[in-house]
Amino acid sequence: QKRTIMVVEDERIIAEDLRHWLLALGYTVGAQVATGREAVQRCEATRPDLVLMDILLPGEIDGIQAAQEIRDRFDIPVVYVTASSDDATLTRAKATEPFGYILKPFDERSLDSTIEMALYKHHSEQRLRESEERFRLLFENALVPFHSLDADGHLLRVNRAWQELFGYTQDEVIGRWFGEFLTPSSVDRFVANTTAFRDSPVTEAMVLDIVAKDGTIRTGVFKGSVAVDHRGRYEMTHCILDSPGTHP
């Protein structure tokens, strides 16, 4: 599938060179504009797969401002085409989180590799966001109470079923130590299990008494699983509440 590239460059010779190389590499040049405002407008109308953006552009907004607006509004990856520039300008450019840089004068090999890496990175980010959104929907709409804890036992998130069971809103519990919601006899078991969870990926079910917002005590079996980061280090514990009961 041919990818559509927009060229944003105010120097006509450089713009034509970019167009020539892009066509030779098998891309489609969807638009060729000379100002940041034109770039934003054409992105809204045509939605290219990627934008090659000169940093220094004439007009009301420069390439950096245009790139930020394009990323925020349309989620289109931007690769900067630039000569060496001052540190302040490059610092501004980095803040927009571009998907790559192509230095002038450019060559066919660097142009192709930078574009392909940018498209791959953007696609990977999209898949990650979609995966996170699916998890969020599954988490929020699960029929069983579910919460996540950090390494020190602070609540990171609770789902709707958890909030309905214990009567707290998410804002009332996020960031607080889970032990604050337990009866004194359950705190020791919770601390001991949290320590064990950090030391081993194997988790065991534990029975805890939680004090609901209305003062009632709900006893349940918590079953957890440990999540680790890409280095295998402890990141958080995910817990579901099984068979909750109630007593005064």
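Predicted model: local features only at pLDDT ≥ 70, side-chain atom pairs only at ≥ 80, totals over all residues.
Residues are numbered from 1 along each chain as its sequence is written, and local features need pLDDT of at least 70, with side-chain atom pairs counted only at pLDDT 80 or more, whereas totals for chains, interfaces and linings use all residues. Side-chain values use heavy atoms, without hydrogens and water.

Twelve salt bridges (a side-chain nitrogen of Lys or Arg within 4 Å of a carboxyl oxygen of Asp or Glu) are found in the whole structure. In one of these, E44 pairs with R73, with the closest N and O atoms 3.3 Å apart. E44 lies in helix α2 (residues 36-46) and R73 in helix α3, 29 residues apart; helices are DSSP runs of H or I of at least four residues, and strands are runs of E of at least two, numbered from the N terminus. E44 and R73 also belong to a salt-bridge network with R37, E60 and E69. E44 has a relative accessible area of 43% and is therefore partly exposed (buried is under 20%, exposed over 50%, partly exposed in between; 1.4 Å probe, protein chains only).

A salt bridge also joins K213 and E172, at 2.6 Å between the closest N and O atoms. K213 is in the loop between β8 (206-211) and β9 (217-228), and E172 is in helix α7, 41 residues apart.

F178 is located in the loop between α7 (170-173) and α8 (184-199). F178 counts as buried because its relative accessibility is 1%. Beyond its neighbours within four places in sequence, F178 has contacts (heavy atoms within 4.5 Å) with residues including L155, W162, F190 and F222.
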